[in-house]
Amino acid sequence: MKFTKTVFATAALSLFAGLALAEEMTIVSWGGAYSKSQLKAYHEPYTANTGVTIINDESAGTAVPKLRAMKEAGNLTWDVVDVEAGPAMQLCDEGLAMEIDHDFMLADAPDGTLASNDFGDFIVSDCFIPQIVYSYTVGYRNDMVGSTPPTSICAIFDTETYPGKRSLKKGALSNMEWALLCDGVAKADIYPMLETAAGQDQALAKLDTIKDDVIWWSAGADTPQLLADGEVVMGSTFNGRLFALIEEQNQPVSMLWDGQIYDLDGWIIPTGLSPERQARALHYVRFATDTQRLADQSRWISYGPTRASSALLVDKHAELGIDMAPHMPTDPANSTNTFLMNYAFWADYKDDIESKFQAWLAK
Amino acid sequence: MGFEPKRLWLLSFAIVSVFLAYLMTSNEYFSSKNIRRTLPVLFAIFGIVFLGPVSAFFGGLFGWFFGWFFYWIYEGGYRAKLHPYLTSGQVLWYYSFRVICGMVFVFLIAPILVVMPLSFNAQDFFTFTPEMLRLDPAGYSLKHYQDFFNNSDWQRSFWNSLIIAPIATIISVSLGTLAAIGLSQSHVPAKRAIMAILISPMIVPLIISAMGMFFFYSTLGNFMENTLGLDKNLVGYVKVILAHAVLGIPFVIITVTATLVGFDKSLTRAAANMGAGPLKTFFKVQMPLIMPGVISGGLFAFITSFDEVVVVMFIGSASQKTLPWQMFIGLREQISPTILAVATILVGISVLLLMTLELLRRRSERLRGLSPG
């Protein structure tokens, strides 16, 4: 009986202790090293300044369906959501994300440049508050590529020179672009071709040539694990994951910058928040996307800040002390052969191409 | 290419076996127990020479095993403890049966055991590094355990699980026990139908229950927040606890119903005859006798809540993030060995919990004179 009483008392106390923490907000992000960089660069200083407790929900991977369900049920538990540019456009179109007046709601650059000019083209949607530029790229095991390490993205399709398994994203995004690029299609023609059924079939036919050699990944952590295990000779993932694998974990892995596909990641604020929650969300976002904060984030992870004014402030890694600028996907030395993901294209065609890709995968 | 070393191993193993058999049958010295002393040393030296110091340990282990095994076969020790009239086939089966049982055991336990050394990995991957295989201390570290105890996300989810699971268990045990007792009465109409409804959460696919619960509890939560004016966090906990209690109830009903089958109804009548009211009869007579069923049902309910990831992800918000939720996310986004450290800790807790319960059960049986103890 005593035991039961103690359990009850402890539980009740903890509950009330939880209630005593007045202000809380739930921020949705991706987890892993990325969430850590946000914790260090944004959350910790924000909590120190305002006393608002920030709760991390690492559900960004399912943000779109979850926000739809939350709206349907009238039970919105998220305050700020970290999404890629494509889903942000989708959420904006569906009215699930709030429209932002960038100049009015976000901070100016230190020299007084308006936010819309500082972010420039990265503001791809009225609801999207840009945060970082990252890229899909490829890492390979140094000890499994022989004496001729790959220099081109098309090494993915070259199973003769680089035999062994490769890990690719279990989805159309990035794979379709690379397939056409390595099938000799000019960069400018890739997205127009992918709009047509013939172009999609051509990309899948190219992927067919390596289908037996592919391990499909669905989470950003998969490729680093497979590379560390030596299960694959090369694999695609986000450049920040490869940075962590190579520089922080010291694995015998190198990465390619060739053919990297830029994508953007940023915040959206869901529609339907109560006025005080919305005010808090806006207050947080204004703080987290100012010039200094965006530059601070690049001290924890190798993703490029989206503000032109932040790029000048990119410094050394906070723990490793190495210069971060050469590890940014946007560094001039890294961006000789790249392309920017066409978000508008993917926002329109993603559902169609994705289902076609999944059908091909199941064959 | 990968085939060669295996062949080589088999070949050398065969040569060693034949050589040993020859030694034992031809040489007086080796046919005695001496072989059991010599072999480990030989194998250990072999290990040092060919593979390095760590192999000496494994070499010694192998040597000890083979020495024992060959001696056992040679001396006919395998018949020593069996009835003398068994045929060779029966003896063979006697040992094959034990080997098969052992293999089943390994099959069940190995995945859990593999996790434990990996949780001491010095690297951030689920990989046995060369340092670990060499038993080099540099390959091991406690950093994943430190991460678990220092990381606020892990701590929050751990405490959430410790708040949610016990309360959900208490609710499901009380409701489930009452339901089972009610359903065991002969005068209750439509017993089977009621039973089927009550245990449906166990049968309906979890994801479907979760989807239904999401909409049901969203409405309930909105009502509690907006109309009753309760705190958002408190409502979140209430929702998850109620949902987990619902999932736990079927287990309690089933185990308690099973114990009630063996319960002698005349005892309650005897108690009533002696002037005890229904409540007193229940707590003094019926409850102690069906206690084992209640406890094991409660244990199942607790584990259900403690292990549950689908429903809580639908119903809970991030403030109610439980341990399985955090583990699921960690696995999907990070593949960090912190999960393995947590798993090891949880295995430890489960073993302790089960051992305590078993000891308590034995103690109560002994006290009630049900077993010689």
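In chain B, residues 24 or more positions apart account for 68% of the contacts with a separation of 6 or more, a contact being two residues whose C-beta atoms, placed from the backbone, lie within 7 Å. This is a predicted model, in which local features need pLDDT of at least 70 and side-chain atom pairs count only at pLDDT 80 or more, while totals for chains, interfaces and linings use all residues. Residues are numbered from 1 along each chain as its sequence is written, and chains are lettered from A and ligands numbered from 1 in the order in which they are written.

Chain B has 16 helices and zero strands; helices (H or I, at least four residues) and strands (E, at least two) are DSSP runs, numbered from the N terminus. Its C-alpha trace spans about 90 × 55 × 35 Å along the principal axes. The radius of gyration of chain B is 29 Å, whereas a compact globule of 373 residues would have one near 21 Å; the radius is taken over C-alpha atoms, and the globule rule is 2.2 Å times the number of residues to the power 0.38. Of the 373 residues of chain B, 29% count as buried, that is, with 20 or more other C-beta atoms within 10 Å of their own, C-beta atoms being placed from the backbone.

Helix H4 of chain B covers residues 88-118. At 1.5 Å a residue its 31 residues should span 45 Å, and the end C-alpha atoms are 43 Å apart, which agrees; the expected span is 1.5 Å times one less than the number of residues. H4(B) is hardly covered, with one buried residue among its 31.

Terms used. A residue is buried if 20 or more other C-beta atoms lie within 10 Å of its own, exposed if 12 or fewer, and partly exposed in between; C-beta atoms are placed from the backbone.
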